[in-house]
Amino acid sequence: MLKATQMMVFYENMLALNNISVQCDENQIVGIFGANSAGKSTLMYALSGIMLDIRKKEKMAGGERITVNGEIRFNNKDISNLKPSLRAKSGIVLCPERRRIFDESTVLENLKIGGYLATKAQARETLAYILDVFPSLDRLKDRVGGFLSGGEQQMLAIGRALMAQPKMLLLDEPLMGLSPLMQATLIKATKAIQVEKKISIIISEQYARPVFPIVDYAYILENGSAVMEGTREELMNNPDVKAAYFGV
Ligand code: ATP
């Protein structure tokens, strides 16, 4: 479904992604794990195409030179040079790190903004689904985004991404800064979204442990390189992975 081959990203001379190839098949959940600065967000920006916009903006501002190499295919079509808005339209939707919701708009308004690509019927149906999978948002419909807790904001950010009718949802560090209980709630909802909406999901996180139970396949990034990959079972049974990422 989504396949990136030999991705290289340089910020000036700094190599942020070093020859990374990742793949997410239909109806899979794929994990991207790695410490701070490993390259998770850079990979998400490359997959969603936002990297092309960042590169353009930097160039116009006379800022740093960003180089992106590699091939990205979605449903067997080369989308390497497709701009992010058209990738979103074709079904690749990024839910960015740090949520980026509209603080002064209500929960309902935030969700409706996300539905700009949807037909009226799709928007209505998706909204009902979001309020069902995240019942807290139903109770908070009229509250402004800025007054939500971190976990509620994350639910809203995922909800807003769902309104864009993704086929491939990219979740960049959705658990950052949240309590273990909230993390568990979000992971359960993520799994439900994959099963009930048949959406493929790539999820990046610093800590593998809370996400691991729902991934089909995962990649482990270190300093911009994929140092390990495998199915959940393969990685779970790998003593190096256990020691480094699960502390056992
Ligand atoms: P985190 O968990 O902290 O979000 P990450 O795994 O998402 O980390 P990236 O944000 O992709 O990592 O960063 C990878 C590397 O690229 C880091 O060393 C970072 O400092 C660098 N980097 C990211 N964005 C830029 C930029 N615009 N200009 C220069 N260097 C950058």
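**Figure 1. Shell of residues around the ligand in the predicted model.** The ligand is surrounded by 14 residues. Ser37, Ser41, Thr42, Glu64 and Glu173 are the closest. A residue counts as near if one of its heavy atoms lies within 4 Å of the molecule. By class, the shell holds 5 nonpolar, 5 polar and 4 charged residues. Ala, Val, Leu, Ile, Met, Phe, Trp, Tyr, Cys and Pro count as nonpolar, Asp, Glu, Lys and Arg as charged, and the others, Gly among them, as polar. This is a predicted model: local features need pLDDT of at least 70, side-chain atom pairs count only at pLDDT 80 or more, and totals for chains, interfaces and linings use all residues. Numbering runs from 1 along each chain as its sequence is written, and side-chain values use heavy atoms, with hydrogens and water left out.

Figure 2. A polar contact here is a pair of N or O atoms within 3.5 Å. A polar side-chain atom of Thr42 lies 2.5 Å from a ligand oxygen atom. For Asn36, a side-chain N or O atom is 2.9 Å from an oxygen atom of the ligand. Gly39 uses a polar backbone atom, 2.9 Å from a ligand oxygen. The protein covers 69% of the 640 Å² of accessible area that the ligand has on its own (Shrake-Rupley method, 1.4 Å probe).

**Figure 3. Secondary structure elements at the ligand.** Strand E2 (14-24) and helix H1 (40-48) each supply at least two shell residues. H1 gives the largest share, 3 residues. Helices (H or I, at least four residues) and strands (E, at least two) are DSSP runs, numbered from the N terminus. The chain has 10 helices and 10 strands. Its C-alpha atoms fill a box of roughly 50 × 45 × 35 Å, taken along the principal axes.

Note on methods
A polar contact is a pair of N or O atoms within 3.5 Å; within protein, one must be able to donate a hydrogen and the other to accept it, and residues adjacent in sequence count only if both atoms are side-chain atoms.
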